[in-house]
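Please open the model in a viewer and follow the stops below in order. Each stop names a selection and describes what is found there.

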Number of protein chains: 4
Amino acid sequence: MGERRSDTRERIQATALELFAEHGYEKTSLREIAERLHVTKAALYYHFNSKEDIVVSLFDGLIAEIDATIAWLRDQPRTAETRRELVQRYARLAHDSPPGMRRLLQDVRSSMRELSVGEQLQERMRTMVRLLTDRDAPALTQLKCVMALASINAAMFVLQDTDIAAEERHAAGLTLALELVG
Amino acid sequence: MGERRSDTRERIQATALELFAEHGYEKTSLREIAERLHVTKAALYYHFNSKEDIVVSLFDGLIAEIDATIAWLRDQPRTAETRRELVQRYARLAHDSPPGMRRLLQDVRSSMRELSVGEQLQERMRTMVRLLTDRDAPALTQLKCVMALASINAAMFVLQDTDIAAEERHAAGLTLALELVG
Amino acid sequence: MGERRSDTRERIQATALELFAEHGYEKTSLREIAERLHVTKAALYYHFNSKEDIVVSLFDGLIAEIDATIAWLRDQPRTAETRRELVQRYARLAHDSPPGMRRLLQDVRSSMRELSVGEQLQERMRTMVRLLTDRDAPALTQLKCVMALASINAAMFVLQDTDIAAEERHAAGLTLALELVG
Amino acid sequence: MGERRSDTRERIQATALELFAEHGYEKTSLREIAERLHVTKAALYYHFNSKEDIVVSLFDGLIAEIDATIAWLRDQPRTAETRRELVQRYARLAHDSPPGMRRLLQDVRSSMRELSVGEQLQERMRTMVRLLTDRDAPALTQLKCVMALASINAAMFVLQDTDIAAEERHAAGLTLALELVG
DNA sequence: CATGAATGAGATTTCATTCAT
DNA sequence: GATGAATGAAATCTCATTCAT
């Protein structure tokens, strides 16, 4: 009982994520995705309306979860306690995402700057920061909020080629983030 | 008196920087650069061997300065004082770069990942961090070093659409960086 | 009844052969081929991976037949009888090729020197000569073998503007070839 | 005593011959020639009017000598003796040419088909054959004449990768040529 | 549910050539 | 006797996208 139906859509998403993470969104062509999947380019268009549509779909879940977090955030007091909890939620989110997802997220600000999804994500980031700090908080405070969230992502990449284990890197990111939102 | 000899090369660099910063390296075509300059595409190829060559040339100065900093760093003791001074040097470097330069720097880790210059810059970053911390320093310490430098860049963008003045944003970045390497 | 499924691939090959024979491989552009066929350049790339791929495909059949001949040759004694039979096979091959094919073959040693297919054909020619003569046969003997095969091709071109009929030219080539391997 | 003047013109010719022989006429660009000479492309245009002009100039001497041979030929009886002497003259000509020259000659029929010099050379070849044989000579006789001259050129290339010495290859070519016009 | 065939637009790059200095 | 700077034309190739089947 329940879902059946081709899993092709999911397989496209998985492969696209792989390749976007590997070479970036711009440098990945639909031909590559199709070839790696042993289907034709036209098949991709049966499941998605455009290349952008594919990348957008990859962020669907993440954006929904961020929206939920934002909704929750609106009801919270603007305290250090709230900020710490937010950081923890965000870390869990990041931790549970497929590994390519985080790499892709890095692209958002550059190669995907002009895509709708890039704008959407940045908009949500801004909203979060606004909900965490007073609008007229000093620049330093606002910057710390942003860097806190950034640390969580960054931890996975910047220490990538050291021999530090993934879990330890993640933990370091979280620790630093908590420190920053103090 | 002084220099003569067409300044086209410099004008190409300036325009390329503008456009790369605006739309990213991948999405900027040589046609666009040429058109904005009112020259032909072939003229670009008189002055540069390839598109990559143009972007590489934009980083020439920066890379030289980073190399000088690294050289200096090798002779310093691995103290907090040294780290603070490095941060200050780096901040000055960033502050004095043309504005597009910093935006372009953001691209380096994604859209330019596969360009030689991307690799070069990341290599230097790694070297800097290695010179700042003990090889077997805890992950958190290493991460802080990286995020310190990142803060200086980030400060300019993440608070871009607030009404905080550029100078104040820069100062916030520097302050946070110093705190992190403290 | 029978085959369906666009014959575009074959039409591309035919047109390419025409034009390569007419102006040479280097001087023929994909634009010309596409225009003569009333398709777009991109259509050529749907059927072939590159310009070189097109020319290679033109030689596919010929190379296969040469390979078959070489295989047969390996089992034969190195006698005058064998040489005469080889010449006759080769003449039949040449005779049955489309006319452009022979002109294109002339190109192989010059304009296509740096193409994989040029190397392949020369390699096979060398093999044939090696199988026809003793490795330490005198230079003259080896040269005669080569010129025998060359005569068959040459006959079609060198007497082209005389009023000698094609069949007679072909016959002359064959006669001379047989004389040379005598 | 006498000539001084820059030898640049000659150096251009030598380098061009080298490169044309190496990669063929079409695939050699003026940029390559200029770079190998450490001059600019514009310098080439000071000495020659066009790329074609350069290649034409390379054949100047050869064509003059062929013309002289043709003139001499007109006064000779159409005997076997005459044919043998022609072959010997031609062999001497080929033997004394710079090595690249012979390779370039091979190009004439394909990559240079559409150049004036290609037409000129083929025209002279045809004239020679007409002067050697009766207009209504059998195809075989005419073909033998052509292949005789071809043998002299071919000898240098077709046996190139064997361990036969250059002088012996040349001798074989001459012997075969004499046999053919016998 | 997917393919085969094709396209229009555009990318990077190369070339022979020109001309003022 | 040569260079620096530039150009117009064209080349090969790639891409996202479409659509009839």
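Begin by selecting chains A and B: a rotation of 180° with 0.0 Å of shift along its axis superposes chain B on chain A, with an RMSD of 0.1 Å. The superposition is by least squares on the C-alpha atoms of residues with pLDDT of at least 70 in both copies. This is the relation of a two-fold axis. To locate the axis from chain B, select B:S111, whose C-alpha is the nearest to it in that chain, at 3.0 Å.

The model is predicted: local features need pLDDT of at least 70 and side-chain atom pairs count only at pLDDT 80 or more, while totals for chains, interfaces and linings use all residues. Residues are numbered from 1 along each chain as its sequence is written, with chains lettered from A and ligands numbered from 1 in the order in which they are written.

Next, display the contact between these chains, formed by 31 residues from chain B and 31 residues from chain A (C-beta atoms, placed from the backbone, within 7 Å). On chain B, colour α6 (99-108), α8 (139-158) and α9 (166-181), each of which supplies at least two residues to the side touching chain A. Of that side, α8(B) gives the most, twelve residues. Helices here are DSSP runs of H or I with at least four residues, numbered from the N terminus.

Finally, select DNA strand F and the 33 residues around it (C-beta atom, placed from the backbone, within 6 Å of the strand). B:A42, B:A43, C:S29, D:A42 and D:A43 come nearest. The largest share of this surface, four residues, comes from α3(D).

Conventions. Two residues are in contact if their C-beta atoms, placed from the backbone, lie within 7 Å.
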